[in-house]
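Please examine the sequence and the three-dimensional model shown here.

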Amino acid sequence: MISILFACSGNKSETQSNTPPIDSFDYKVDTFADIKILRYRVPGFENLTLKQKEMIYYLSQAATEGRDILWDQNNKHNLCIRRTLEAVYENTTDKTSDDFKKLETYLKRIWMANGIHHHYSEDKIMPAFTAGFFTDAVKSIDSSKLPLEQGETVEQLIAKLTPILFDPNVMPKKTNQEAGVDLITTSANNYYEGVTQKEVEDFYGKMKNPNDSTPISYGLNSKLTKENGQVVEKVYKVGGMYGAAIERIVGWLEKAAGVAENDHQKEVINTLIRFYRNGDLKTFDEFNIKWVQDLTSQIDFVNGFTENYGDPLGMKASWESLINFKDPEATKRTEIISQNAQWFEDNSPTDKKFKKETVKGVSAKVINAAMLGGDCYPSTPIGINLPNANWIRAKYGSKSVTIQNITEAYDQASLGNGFNEEFMWSDTERERAAKYGSLTNNLHTDLHECLGHGSGKLLPGTDPDALKAYGSPIEETRADLFGLYYLGDPKLVELGLLPDAEAYKAQYYQYLMNGFMTQLTRIQPGKNIEQAHMRNRQLIASWVFEKGKAENVVELKEKDGKKYIVINDYEKVRNLFGELLAQIQRIKSTGDFAAGRDLVEKYAVKVNQDIHKEVLARYAKLNIAPYSGFVNPVYTLVTDKNGKITDVNISYNEGYIQQHLRYSKDYSVLPTYN
Ligand SMILES: [Zn+2]
């Protein structure tokens with residue numbers, strides 16, 4: 001599970017980084033459409049040993065090799081479209097025309113989204129260049145540069161891609177979450193083909209044994225399709241679907257295993273390699289158990305089919321990778337939280353029968369990302385908690401990370417952008433945000449990841465997938481509420497995690513303001529909320545607003561014709577967070593689908609049109625791009641005259657276009673259609 005940063009706010013980062021940001025470091029790379037591209041520093045890389053640097057190099061290569069897998073998972077035509085447009089981009093002679101500039105912007109947008117659907121809204125991105133320009137441009141270049149299938153003509157390629165690119169009714173949504181329709185046939189992703197939602201549910205329903213206490217993650221690493229009228233899984237593995245890219249990933253992992261920090265870590269990597277070879281989800285569980293038990297290595301990684309947000313039924317996982325290493329100073333904060341995990345579990349406002357008697361192995365650390373790949377690139381989470389299998393989490397615990405250098409880049413890039421001035425009620429809220437904003441943001445992420453997702457238990461016999469499409473937003477709501485509830489607990493001051501009893505108010509205010517108003521900057525006028533994290537934030541904010549109405553706990557006040565969130569009683573807000581947490585935990589523990597659905601549909605999906613309109617107008621005046629993506633640093637091996645590796649260099653000067661064209665050239669071994 002992942003955490004994603006709020007709509008940006010202009011907090012000064014005073015507390016979070018031990019390595020002060022280099023003043024001259026240029027965090028901003030590019031801005032286009034609704035996107036800004038940033039760069040992140042990798043503090044501490046220079047202090048790693050040669051072996052560790054080498055390991056990061058190999059894992060980084062593996063992280064980049066999986067890029068095209070994700071592109072194909074997101075839509076079956078993605079690689080064809082990208083290869084066609086990149087060929088046009090690189091081979092067109094007149095690069096100054098208005099249409100060419102529009103094509104460049106479109107390419108930048110699909111690079112950001114790993115495909116033709118917006119990475120966040122999941123709506124198809126419509127090109128601003130014309131179909132006529134597209135036809136002429138494709139025809140004008142040497143056809144050997146185009147991704148033509150066997151026997152396909154240039155005209156056929158153009159005819160195939162034109163409706164996909166330009167007709168808004170063709171494949172309009174990557175992952176459809178709308179209630180009441182077939183979620184599989186109406187989603188444009190490539191996890192399923194030629195099957196209906198009912199066929200999918202029947203196929204996996206038959207496989208599942210309700211009495212299995214250690215179920216595999218059914219369907220995680222495959223595409224479900226039909227062959228000769230039979231529903232079949234095409235498994236992602238060496239020799240299977242995506243085999244060419246997976247083989248390259250395995251090759252780099254083998255090199256990484258050769259320089260592992262210790263035997264356990266080597267075993268972790270080798271088990272992952274075994275899984276990539278056999279595609280057996282039992283081996284995947286074995287890998288996860290070993291991975292979650294590796295607590296001593298400084299370097300850690302995610303590499304594989306991991307998160308299921310892209311599948312409307314929450315089974316199929318997108319490919320992602322994140323290479324990181326521990327920041328020892330900042331990790332002290334999360335260690336304190338982990339050491340007190342049982343206290344937090346025992347004192348939570350949930351019903352005793354839904355609590356874990358013993359909270360196992362909640363480990364947490366603060367890390368710096370060294371490389372982002374697949375579904376963690378260019379847009380990236382700020383926190384990760386894995387593995388996702390409930391029984392492994394219950395039995396072996398989970399690992400949780402807060403990604404410090406990514407947060408730093410966000411904070412540094414948003415300094416002084418006017419956001420808090422526009423949307424916060426008064427100087428009191430702004431001063432609190434400046435003083436405590438970064439710290440409480442990070443701490444909320446820590447609590448969400450280290451404790452929130454790991455807390456509570458399912459009652460015996462409860463199907464972990466009982467909440468179906470509502471499972472993700474309910475789970476994120478639960479983790480967020482756990483963090484919010486405890487941020488306001490005096491225990492955090494006692495543990496030295498917060499400086500005083502005032503600090504938590506910064507996060508409470510920001511959270512409600514964001515959930516109720518400012519996150520709507522990410523939604524197009526007239527649209528509903530789809531994304532699980534956004535749904536969870538609105539659910540919490542709207543629920544608290546409604547329940548607190550009678551006592552005027554939170555109100556919407558007007559000043560100079562603008563609306564603001566005002567919190568009149570922070571104590572009571574905390575109590576309401578606790579009350580909702582108890583409800584959500586009951587829904588999760590008992591698998592109460594109807595109650596989960598009702599909460600999500602009532603509070604999380606529909607947008608208040610008046611507020612939305614106003615927020616968009618106010619936000620537009622600030623001229624801030626609502627989404628951020630990143631470019632990776634570039635690692636190069638330094639060798640002596642005998643070819644022996646003597647160092648690994650890190651450089652930060654690659655541009656956004658440059659990086660994507662390089663990746664498409666050097667890390668692109670999959671066929672155009674898989
Ligand atoms: Zn989460």
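Predicted model: local features only at pLDDT ≥ 70, side-chain atom pairs only at ≥ 80, totals over all residues.

Residues are numbered from 1 along each chain as its sequence is written, and side-chain values use heavy atoms, with hydrogens and water left out.

Leu580 belongs to helix α21; helices here are DSSP runs of H or I with at least four residues, strands are runs of E with at least two, and both are numbered from the N terminus. With a relative accessibility of 0%, Leu580 counts as buried, a term that means under 20% relative accessible area, against over 50% for exposed and partly exposed in between (1.4 Å probe, protein chains only). From Leu556, 24 residues away in sequence, Leu580 is separated by 21 Å, C-alpha to C-alpha.

Helix α21 (residues 570-590) is also the partner of helix α17 (residues 471-487): their axes come within 9 Å and cross at roughly 145 degrees. Such axes are lines fitted to C-alpha atoms, for helices over the stretch in contact, and the angles run from 0 to 180 degrees between N-to-C directions. The contact brings together residues including Ile474, Leu481 and Tyr485 of α17 and residues including Phe577, Leu580 and Ile584 of α21. By class, the residues of this contact comprise nine nonpolar, three polar and four charged. In this division Ala, Val, Leu, Ile, Met, Phe, Trp, Tyr, Cys and Pro count as nonpolar, Asp, Glu, Lys and Arg as charged, and the others, Gly among them, as polar.

The zinc ion has as its protein donors His448 (NE2), His453 (NE2) and Glu476 (OE), lying 2.1 Å from it. Donors are N, O and S atoms within 2.8 Å of the metal (3.2 Å for Na, K and Ca), and sites may look incomplete, since water is not among the atoms. His453 lies in the loop between α16 (427-452) and α17, whereas Glu476 is in helix α17, so this pair ties together parts that are 23 residues apart in sequence. His453 is buried, at 4% relative accessible area, and Glu476 is buried as well, at 1%.

Elsewhere, an open sheet of three strands is arranged in the order β2-β3-β13, with mixed pairing. Strands count as paired if DSSP finds at least two bridges between them. The edge strands are β2 (28-32) and β13 (627-631). β2 pairs with β3 (residues 35-39) in the antiparallel sense over four bridges, and Thr31 has Lys36 of β3 as its bridge partner. Helix α24 (residues 656-666) packs on the sheet and touches β2, β3 and β13, its direction making about 90 degrees with that of β2. The pairing of β3 with β13 is parallel, over five bridges, and here Ile37 stands opposite Gly629 in β13. Tyr627, Gly629 and Val631 point one way from β13, Ser628 and Phe630 the other way, and all are buried.

Key. Contact = heavy atoms within 4.5 Å.
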